[in-house]
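Open the structure in your viewer and keep the sequence panel beside it. This tour says what to select at each stop and what is there.

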Amino acid sequence: MIIGFLDDLGSNKWSCRDQCNKIINLIENTDFTKKEDGVYKTGTKDFYYIISTYNTCASVEKKPAEAHRKYIDLQYILYGEEKIGYADYRNPKISLKEYNGENDIELFSKIENESYFILKNDMYAVFFPEDIHRPGLTNKETRSVRKVIFKVPV
């Protein structure tokens, strides 16, 4: 997992540097305020993004954690603030829904040793296949969040 501000994204030395540059270019040259929530193709095979607007949830029990195998998630906050849970996939966990290869998602109701961090405007977090993550949680008070989730093929 990687967390940071957009200004730092281009300087990170992670394994998807080319995709990172594409993401920066998309963020700098796309007016996301004029786009509806939904899935958008980028013209590059298997690389797409999702725009999502929602209210954070105060209950960890009502917000399942997730993991992916085919894609890296780069989640970028356009506005709002959310708490995100994180745990290594090797941690003991309770499955909620087995892995679905078509949707590339596995859901969990509980993960031992889950840690939390706060993501705010212009911040991003990168989740690799070994990272279980639980986005959309409330930090202090319920807030509206709008984010772009870039799906980068592994």
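This is a predicted model: local features need pLDDT of at least 70, side-chain atom pairs count only at pLDDT 80 or more; totals for chains, interfaces and linings use all residues.

**Stop 1: the cores**

Select Tyr49 and Phe150. The largest nonpolar core has 19 residues, and these two touch the most other members. As a general point, nonpolar side chains in soluble globular proteins tend to be buried together.

Stay on Phe150 and show its surroundings. Which residues is Phe150 in contact with, leaving aside its neighbours within four places in sequence? The list includes Ile23, Leu26 and Ile27, then Phe32, and also Phe47, Tyr48 and Tyr49. Ile72, Asp73, Leu74 and Tyr76 are on the list too.

Now move to Ile84, Phe117, Leu119 and Ala125. They are among the members of a second, separate core, which has 8 residues.

**Stop 2: aromatic rings**

Show the rings of Phe32, Tyr40, Tyr49 and Phe150 together; these four form one aromatic cluster. In the structure as a whole there are 6 aromatic pairs.

For one of these, select Tyr48 and Tyr71. Their arrangement is edge-to-face, with 5.5 Å from centre to centre and 75 degrees between the planes. Tyr48 belongs to strand β3 (residues 48–55) and Tyr71 to strand β5, so the pair links distant parts of the chain, 23 residues apart. Tyr48 is partly exposed, with a relative accessible area of 21%, whereas Tyr71 counts as buried at 12%.

Another edge-to-face pair is made by Tyr89 and Phe108, with 6.0 Å between centres and 80 degrees between planes. Tyr89 is in the loop between β6 and β7 and Phe108 is in strand β8, so this pair ties together parts that are 19 residues apart in sequence.

The lysine lies over the face of the Tyr89 ring, 4.2 Å from the ring centre.

**Stop 3: salt bridges**

How many salt bridges does a search of the whole structure find? The search finds 8. Three of them are visited here.

Begin with Asp73 and Lys151, whose side chains meet in a salt bridge with 2.5 Å from N to O. This pair links distant parts of the chain: Asp73 is in strand β5 (residues 71–79) and Lys151 in strand β12 (residues 144–153), 78 residues apart. Asp73 has a relative accessible area of 1% and is buried. Lys151 is also buried, at 7%.

Next, select Glu81 and Arg143. The closest N and O atoms of this salt bridge are 3.9 Å apart. Glu81 is in strand β6 (residues 81–88), while Arg143 is in the loop between β11 (131–137) and β12, so the bridge ties together parts that are 62 residues apart in sequence. Glu81 counts as buried at 12% relative accessibility, and Arg143 counts as partly exposed at 32%.

Finish with Lys34 and Asp31, which form a salt bridge with the closest N and O atoms 3.9 Å apart. Here Lys34 is exposed, with a relative accessible area of 71%, and Asp31 is partly exposed, with 37%.

**Stop 4**

Switch to a cartoon view and select residues 38–41, which are strand β2. This strand pairs with β3 in the antiparallel sense over 4 bridges. Gly38 stands opposite Ile51 in β3. The hairpin formed by β2 and β3 has 6 residues between the strands, and Gly43 in the turn has a positive phi of about 90 degrees.

Then select strand β7 (residues 93–100) and strand β8 (residues 105–111), which are antiparallel partners over 5 bridges. Find Ser95; opposite this residue stands Phe108 in β8. What phi does Asp104 take in this hairpin? Asp104 has a positive phi near 50 degrees, and the hairpin has 4 residues between its strands.

Notes. Residues are numbered from 1 along each chain as its sequence is written. Side-chain values use heavy atoms; hydrogens and water are left out. A salt bridge is a side-chain nitrogen of Lys or Arg within 4 Å of a carboxyl oxygen of Asp or Glu. Buried means under 20% relative accessible area, exposed over 50%, partly exposed in between (1.4 Å probe, protein chains only). Helices (H or I, at least four residues) and strands (E, at least two) are DSSP runs, numbered from the N terminus. Two strands pair if DSSP finds at least two bridges between them. Rings of Phe, Tyr and Trp (its six-membered ring) pair if their centres lie within 6.5 Å; planes under 30 degrees apart count as stacked, over 60 as edge-to-face and the rest as tilted. A charge sits over a ring if NZ of Lys or CZ of Arg is within 6 Å of the ring centre and within 35 degrees of the ring normal. A nonpolar core is a set of buried Ala, Val, Leu, Ile, Met, Phe, Trp, Tyr and Cys residues joined through side-chain atoms within 4.5 Å. Contact means heavy atoms within 4.5 Å.
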